[in-house]
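Please open the structure below in a viewer and keep the selection tool at hand.

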Amino acid sequence: MEQDLNQFVQAILIASDPAQSSLHHQALEYLSAIQQNSSAWRLALAVFVESGPNGARKHPPQVRFFALRVLDEFFDNRFEPLDDEMFQTLQQSILNYIQTEYLYGTAEASASFLRNKFAHTLTLFFLCTYIDKWPTFFTDFFALIHPPESTSQTTYNPHVSLLLFHLVLEISGEVADQIIKAARQFTAERHARDTRVRDAVRERDAARINEAVLTIVADGVDRMAQLRKDGPSPSSERELDSAVEVVDWGIRTYASYVGWIDINLTVTRDTVPLLFTLLSDASLPIRLATSLALTRIVGKGLKEPGDKLQLIKVLSLGQVLAALEEKTRSEQTGRGSDTDEGEESYREALGKLLNILGLELCKLTDECPDESVRAEGLLLLSQILPVMLRFMADEYDDTCSTVFPLLQTILLSYKRQRKSSSDPLDPSKRSFLSSLLTVILEKLKWDEESDPEDMDEDDKAAFEDLRKELRTFMDSTLMIDPELVTDSVRTLALNTLTAYQNGVSLKWNDAELAVYLVYIFGEINKSGGKGRAAFCQAPAVQRDKRKETDYSEYPLTSHGEMLYALIQSGISAYPHKTVAMQFFETVARYGDFFKVRKECIMPTLQAMLDVRGVHSPESSTRSRVYYLFYRFIREDRNEISPEVAVSLLESIRDLLVIQVELPELENPESQDMLQEAVAATSLFDSQLYLFEASGTLVSLLHKTPDQAAALLLSVVRPLLDELSTSLQAVKGADDVLPILKVHHIIMALGNVAKGFPEYPTPVPENYVAPPLDVFREVGQAILVCLEAMNVFRVVRDATRFAFARILATTGSTVAQLIPTLMANLLAHFEPTELIDFMNFIGLSIHKLQEDMLDVLDQLIGPLSAHINGILAQPVNGTDDQTMHNDTKRAYLGLLTSIISSKLHTVFVSDRNKGQLENLLESMLQLAEDPSDPASEKSAFSFFGRCVQAWAEPPKMPGGQQVFPGFERFIYERVIPTAFAVLSLPQFNIKDGQIVVVLQEIANLLQTISKIRGQEAFDFLVSVFLPSQNWPSATAAEFATKMRELDPKAFRKYFTDFVRASRAGS
C-alpha cells in the first residue's frame, strides 16, 4: 500500500509539471489507468487525509486536490449502496479529517481552494449514502459545530459553520438548482436519486438545517454588533471579518434552500426582522446575499394565491424597498461623479427584488379567480409602480434594466384590458404611462460624459440594445394610448429644435435625442400614411400627376412638422459628430418628406456636402455619408433640377478619385494579397455609392442628351485615362497596386452605369436613351483590360459586375461586345466563379434576348458538360455540399431562363442537338430526387417550359412542330417520372417543400393537357393510368379535372388526391 501510495503521489506531481516532458505522458497514462481501478478511492482517501510527523497534511495541495477529483469520480453517479466496510472507512476518515482540520485546525488556511473542493466531494458522498447508510449525517455534523467544552470558544466554530454552509449550498445545487441540472447530462437514475434525497432531507432534517443555519447567522449578527460597538482594534477587525464571512455565507445558504423546503420553516416571526436588519447592513456582501434570499422567498411557488398574498403582506417589501431605493439614490447623488460599483450592485439587487415582487403581484392580479385577492394584489402593485419607475430612471443601465420584465408584464396587462374594453383609460393608468414615458425619453439619451465616436464597441452596442428595449416599451405604450406617446415625442422634439433655432445652448445629448426622436417617429406613428401622405395632409393624387402637384399648399402632418423643424433649426451644424450623423441618417430615411417641402432639399444637401458630411476629415464619417448622400439622391432625384444636378456633381468631383488601400496580412505566405485586398472593408466600398450617385445626377440631364453625354464623359474620362495608365503598369502578378487599381476603376465605372435607369423593354415612344456611345466606349475599355488581364480573378469578377450594370443601362447597345467578353471570362476560370457566371448569362439573356443567340449557341454545350462534370464529383463536407447545391440551382435557373425566352432553339440547334438527350436525362434524375426539393421543383418547372416551347402541335395542316417527336418523350419519360416520384418513400407529403414540388407536378400535368389536348387526355385515360392499375372511373375523373379546373383549383385537387392516396396505401 505504501509503495502504491508513493507511486501515486509521484505520478500526480509529474503530471502537474509539464516541464518533465519525458515522464509527463507516462504519468498521465498511469493516473488514467489507476482511476479505472475499483480501489483507487483508497489511495485517494489516504493521500488526502494523511498527516505528517508535525501534524500537518503530509502531501502537497495539488496532490490532495487530484485525490479529491478521484474521490469525486468514485462518488459521482454512484447509485448502488456502498458496502459496510467501504462506507465505514470513508465515514471515519472524513469525520476525523473534519475534526482535526476544521474543529481544531486551520481549515486548510494555506490552500483555501481545497475547502470548496472538499465541500463538493463531501456533498457527493452525502448524496450516495444519506438514504441508506448515513441517515444521521446532519445530526453527526451539527455535533461538531458547537465547540467542545474544553476550548475557550464561547460561540459556534466558524470553520465548521462555513463548511456546513458550503455543504448545504452544494447539496441545494445538486438536488434543486435547475441551471446546474440542465448543464449536466440527464440520467433517469440520477434524477430519481436526487429527488429521493431532496424528499428525505425535507422529511428528516429540513427543520434542523434551517434552525442551525439561522442560529449561527443570528449569533454572527450579535457578534458583529458587539464588535462594531466596541470599536476597531487589530484583533477585533479580524474577528469582525470572520463574523461577516459567517453571516454572508449563512444567508447565501439560507437563500439556496428557501425555494425547496417548507416556507413555514424559512419565513417566521424571527426570520423576517433578521432579514430586514441584514438588508441594510453595513456589509455589502451581506446586503447582496439578503437581497437574493428575499428574491427567492418572494418567487417561491405556492399552490394557493391567498398564501402568496399573505407571504407578500407579511414581508411588507413594498415599503421597505421604497425606503431603501430613496436612501441608496440619495447616497448615489451624494457620490457625484465618483462611482462605487459595489453600492451600484446593491441597487441592482434591490431592483431585481422589486421586479420579482411585482411579477408575483401581477400573477395574482391577472390569474387569481378570487376577487378579493386580485383587489389586494392590485393595490399592492399600484404602490410599487412609482418605485419601479425610480429604479428604471437610474443612470446605470444595469440597474435600470432589472425592472424591464415587470414593466413588460404590466404593459401587456394594460394592452389586454385595452383590447377588451372601449372605456377611456383609467386616470391612474394614464398618469403612470405619462410618468413612464418621461423616464423612457430621459433614458433614451446618451450619457453626457460619453463620446459615442470614442467608446468601446461593447459599451456602444449595449446602449444601442438598451435603446431598442426602451423602444419596445414605447411601442407598447403607444398601443395603449397612442395620443400620449405621439404628443410627448413630438412636443419634446419640437421644443428642443425650436430652442436651438432660437439660440438656446443645448447639451449635445439633448440635441441628439431630439434628432433621434424625429428619426424614430415614423415607426412610432403607426397611424400615419405612406409615402407623401406620411408628411402632408393632401388628398389622394394619381401617381402620374404627383410630380405636377404643388404640395407646399397643404398642411404638414406631425411628422412633417418635426422634419421641417429639423431642417429649419440648423441643428445639422451642431458641433458634435453624433448629432450631425443622426441628422444625416434621419433625412436619408424620409426622402418622401422632401417631395412635399422641396425648399428643404438644398439646406440638407449643403450639410451633406460640406465638412459635416462627405468632406469630413474623418474617414468613418465620410464612409457613412457617402451612402446616405447616394440614398438621398436616389430617393429624391425627381425633385432635383438639371442645374442643381450639375452643381452637385461638381461638389463631389474631387471625391471621385480612387485610392487603393492594402490590408495587413496575418499570414502573408498563405494569403493572396489581391483577394484579401478586395475582400477587406475599405473606404472604396463606400466610395462606390458616390459613383452611383454621380451616374444618377448625370441621368437627370436626359432631356438634353448632348449635355448629358458631355457630363458623363467628364466623369468617366479621368477613370478611363487612369485605367489605361494602370494597365500599362501591370507587368506581372506581383504588381498588386496597379492590378487593384484596375479592379477598382472597373467597379467604379459599373456603378456609374448603375446610377442610370434601366433600359426599358419594350422601348416606349419618345424614349431618350442614355449616352450610349459613352457607355460603349467604357465597355470597350473594360474589355481591353480583361483581354490583357484575364488571368486575374479580381479583374474577371469586376468585369462581370460592371458589364451586368452596363447591360442593364444600355440594353442591346453593347451586344457586339458580348462574344469577346464571354471568351475572355472563360479563358481562365475557377469553379467558385461558376455561379456568378451563370447568373451573369441569365441577366444577359434577359437584357439582350435574340442578340445572345449566337453566343449562347456556342456556350451552352461546353458549359453544360463542365457543370455536369462538377455535379458528378463526390461531395466531401458541408462546404462542398453547399457549393454543389448552389451550383445546381444556378444551372437550373439558367436552363429555365433559356427555355422561357426566345432562345430555346439553342438546345435543338445543329451544334447542340446531339447533347440534348443527355441534358434531358440529367434533368429527369434531378426530378426523381426528393432529397433536394428546390432543385426537384426547378426540374419539373423546366419540363413544363419545354412542353410549352417544343410540344405545341402545328397550327397549319402540313406544318411542323418545333421539336418533332418531343411528345413521345413526354409520354414515355416525363409523365411516368412525375407519377413515380409521388410513390417514393422519401416523398414526404407533410414537408412544406415537398408540397411545393407536388404543385409543380400538377402545373406540369396541366400544361401537357393544355398543349396536347385530347391526345394527352386519351393517353392518360386509356394507356398510362390503366397501366398503373387505376380504376377506369378514377382515371377518367382525374383526367377530366386536369382538363377542366383552373390551375389553382387543380393544384388543390391534385394535392388532396395524392395525400388521400398516400394515407390509404
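The stops below cover a helix pair, several salt bridges and a histidine. The model is predicted.

**A helix pair.** Select helix 11 (residues 206-230) and helix 12 (residues 234-257), whose axes come within 8 Å and cross at roughly 150°. The two helices are therefore roughly antiparallel, and their crossing is left-handed. Among the residues making the contact are Ile209, Val213 and Leu227 of helix 11, and Leu240, Val247 and Tyr254 of helix 12. By class, this contact has 16 nonpolar, five polar and three charged residues.

**Salt bridges.** The whole structure holds 69 salt bridges. Select Asp199 and Arg202, where the N to O distance is 3.1 Å. These residues are three apart in helix 10 (residues 188-204), which separates them by about one helical turn. Asp199 is partly exposed, at 35% relative accessible area, and Arg202 is partly exposed at 38%.

Next, select Lys577 and Glu618, whose closest N and O atoms are 3.0 Å apart in a salt bridge. Lys577 lies in helix 27 and Glu618 in the loop between helix 28 and helix 29, so the pair ties together parts 41 residues apart in sequence.

**A network.** Select Arg793, Arg796, Asp797, Arg800, Glu830, Glu833 and Asp836, which salt bridges link in a network. Within it, Arg800 and Asp836 meet at 3.9 Å, N to O. Arg800 is buried at 5% relative accessibility, whereas Asp836 is partly exposed at 40%.

**A histidine.** Finally, select His743 in helix 34 (residues 736-754). His743 is buried, at 6% relative accessibility, and touches Val678, Val794 and Ala798, leaving aside residues up to four places away in sequence.

Terms used:
Residues numbered from 1 in each chain as written. Predicted model: local features only at pLDDT ≥ 70, side-chain atom pairs only at ≥ 80, totals over all residues. Heavy atoms only, no water. Helix = DSSP H or I, 4+ residues; strand = E, 2+ residues; numbered from the N terminus. Buried < 20%, exposed > 50% of the residue type's maximum accessible area, 1.4 Å probe, protein only. Contact = heavy atoms within 4.5 Å. Axes fitted to C-alpha atoms, helices over the stretch in contact; angles between N-to-C directions. Parallel < 35°, antiparallel > 145°, perpendicular 65-115°, else oblique. Left-handed = near helix turned anticlockwise from the far one by under 90°. Nonpolar A, V, L, I, M, F, W, Y, C, P; charged D, E, K, R; others polar. Salt bridge = Lys/Arg side-chain N within 4 Å of Asp/Glu carboxyl O.
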